[in-house]
Amino acid sequence: MKTKILCTSDTCKTQSVKALLYLQKDSFSEELQFGDEILLTVGLDTLKPLMNPYAFDFKRYLKYKQIHFQTYVRSNQWKLISRGNGNKLKLLANKIRIFLLETLRKHGFEGENLGVASAILLGYDQVLDPETRDEFADAGAMHVLCVSGLHVGIIYLIFSSIFSFLKKYRNGNFIRGILLLLVIWLYAFITGLSPSVLRASCMLSFIIIGESLNRKSSVYNSLAASAFLLLIMNPLMLMEVGFQLSYSAVLGIVSIYPILRKRLYVKNKILQKIRDILVVSLAAQLGTFPLAIYYFHQFPLYFLFTNLLVVSFAGIIIYVGFSFFALSAVSYINLFLAYILKKCIGFLNFYVGFIESLPSSSLEGLVVSIPAVIFIFLLVLAVFRSILFRNKSWFYTALISVFFLGFLFT
């Protein structure tokens with residue numbers, strides 16, 4: 001949150017900084033929205049350093065967002081000055097999101113169901129219970145609650161299938177690409193234009209543009225181009241955890257998924273769907289788990305079982321949810337869709353809670369250094385390529401990685 005330090009002496013001047021504010025919870029602070037301007041009568045404290053060496057370095061995380069101050073604000077230390085300030089596009093996106101959130105409330109969504117529905121469909125997690133958040137994190141399904149590449153990818157697959165008939169017509173592929181771009185960026189707009197959605201939308205946009213122009217471009221080039229564009233706008237984004245995890249997950253999927261999918265051939269279509277979900281989950285996990293351990297010091301052991309149903313139900317929830325929003329004004333149909341949506345979310349919560357309750361659902365207290373992260377990535381790559389392609393050079397590379405990892409841990 002941006003704030004200003006006002007000095008009344010002759011030697012001081014106004015200074016604009018970014019600060020993290022903790023407002024005392026009351027009826028007034030809960031009504032604050034994006035774009036509200038408030039006047040504070042408090043001093044700012046510097047961010048506290050990391051006290052526990054095994055915890056997430058929150059100070060470092062905020063530093064790369066150019067936030068260097070924090071403070072606690074009591075109810076009598078602030079007052080509302082004006083509303084509707086800031087980026088007009090984000091203001092409009094926030095109004096639409098609040099309207100859709102109220103639509104969920106009017107149709108009986110509350111408690112855990114409301115929190116999960118708003119997080120998955122709208123990227124709004126302020127009504128999400130901390131207990132629910134912890135359950136999803138321990139079960140390895142936290143990515144479902146954070147609107148990201150998974151959700152944008154599902155939207156892309158749904159509408160890509162809907163618009164596939166356009167390929168039969170002249171210039172139909174070009175029109176299909178324009179419609180897909182409009183849908184993806186409309187979804188990014190509705191979900192609040194969060195950084196994770198912007199990253200995923202940017203990545204997919206480059207891929208869609210290449211397809212619509214009938215160009216056979218490398219997916220790695222498209223990823224590199226999207227990363228380059230985002231880093232031009234904000235170079236510090238490179239140090240953000242979300243940026244690193246997003247691109248490492250996508251790189252894991254595009255490099256590992258096609259190979260494993262081809263090797264694990266099955267004829268049955270139902271088994272093919274199960275295989276695809278498991279392989280995508282495994283590929284994404286292989287691409288991200290060294291960084292996840294480095295930043296969060298834990299690893300979900302049952303992530304394959306979790307994602308087997310969680311990813312499928314996330315797709316169903318998104319499909320039913322946006323159908324519900326589109327038809328919320330139509331009597332009876334909206335009640336039917338709301339009922340289906342509640343049942344899907346209820347089952348999702350039950351399944352995640354069941355996985356989280358299993359013994360040793362996640363390994364915690366894992367600590368690795370940056371050199372160890374590099375060698376773990378190298379070990380994963382070397383083992384993968386040596387097994388699939390029976391390459392001795394990659395086998396020796398894996399042995400060398402194990403040796404250095406043992407040295408580092410010793």
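These are my notebook entries on a few places I looked up in this structure, which is a predicted model.

**Entry 1: two helices in contact**

I began with helix 8, which covers residues 195-212, and helix 9, which covers residues 219-233, and I found that they pack at an angle of about 135° with their axes 9 Å apart. That angle makes helix 8 oblique to helix 9, because an angle counts as roughly antiparallel over 145 degrees and as roughly perpendicular from 65 to 115. I also noted that the crossing of helix 8 and helix 9 is right-handed.

Next I looked up which residues make this contact, and on the side of helix 8 I wrote down Arg199, Cys202, Met203, Phe206 and Ile207. On the side of helix 9 the contact is made by Val219, Ser222, Leu223, Ala225, Ser226, Leu229 and Leu230. When I sorted the residues of this contact by kind, they divided into 9 nonpolar, 2 polar and 1 charged.

**Entry 2: a serine in helix 8**

I stayed with helix 8 and turned to serine 201, which is found in that helix.

**Entry 3: aromatic rings**

I then searched the whole structure for aromatic pairs, and the search found 14. From these I picked the pair of phenylalanine 109 and phenylalanine 324, whose rings are 6.3 Å apart centre to centre, with 50° between the planes, and which is therefore noted as tilted, because the edge-to-face label is kept for planes over 60 degrees apart and the stacked label for those under 30.

Where in the chain do phenylalanine 109 and phenylalanine 324 lie? I found phenylalanine 109 in the loop between helix 2 (88-106) and helix 3 (111-122), and phenylalanine 324 in helix 12 (residues 303-326), so that the pair links distant parts of the chain, 215 residues apart. Both phenylalanine 109 and phenylalanine 324 are buried.

**Entry 4: a glycine in helix 10**

My last stop was glycine 242, which lies in helix 10 (residues 241-263). With a relative accessible area of 30%, glycine 242 is partly exposed. I also compared the positions of glycine 242 and proline 195, which are 47 residues apart in sequence and 8.3 Å apart in space, taken from C-alpha to C-alpha.

Methods. Residues are numbered from 1 along each chain as its sequence is written. This is a predicted model: local features need pLDDT of at least 70, side-chain atom pairs count only at pLDDT 80 or more; totals for chains, interfaces and linings use all residues. Side-chain values use heavy atoms; hydrogens and water are left out. Axes are lines fitted to C-alpha atoms, for helices over the stretch in contact, and angles run from 0 to 180 degrees between N-to-C directions. Helices (H or I, at least four residues) and strands (E, at least two) are DSSP runs, numbered from the N terminus. Angles under 35 degrees count as roughly parallel, over 145 as roughly antiparallel, 65 to 115 as roughly perpendicular and the rest as oblique. A crossing is left-handed if the near helix is turned anticlockwise from the far one by less than a right angle, and right-handed if clockwise. Contact means heavy atoms within 4.5 Å. Ala, Val, Leu, Ile, Met, Phe, Trp, Tyr, Cys and Pro count as nonpolar, Asp, Glu, Lys and Arg as charged, and the others, Gly among them, as polar. Rings of Phe, Tyr and Trp (its six-membered ring) pair if their centres lie within 6.5 Å; planes under 30 degrees apart count as stacked, over 60 as edge-to-face and the rest as tilted. Buried means under 20% relative accessible area, exposed over 50%, partly exposed in between (1.4 Å probe, protein chains only).
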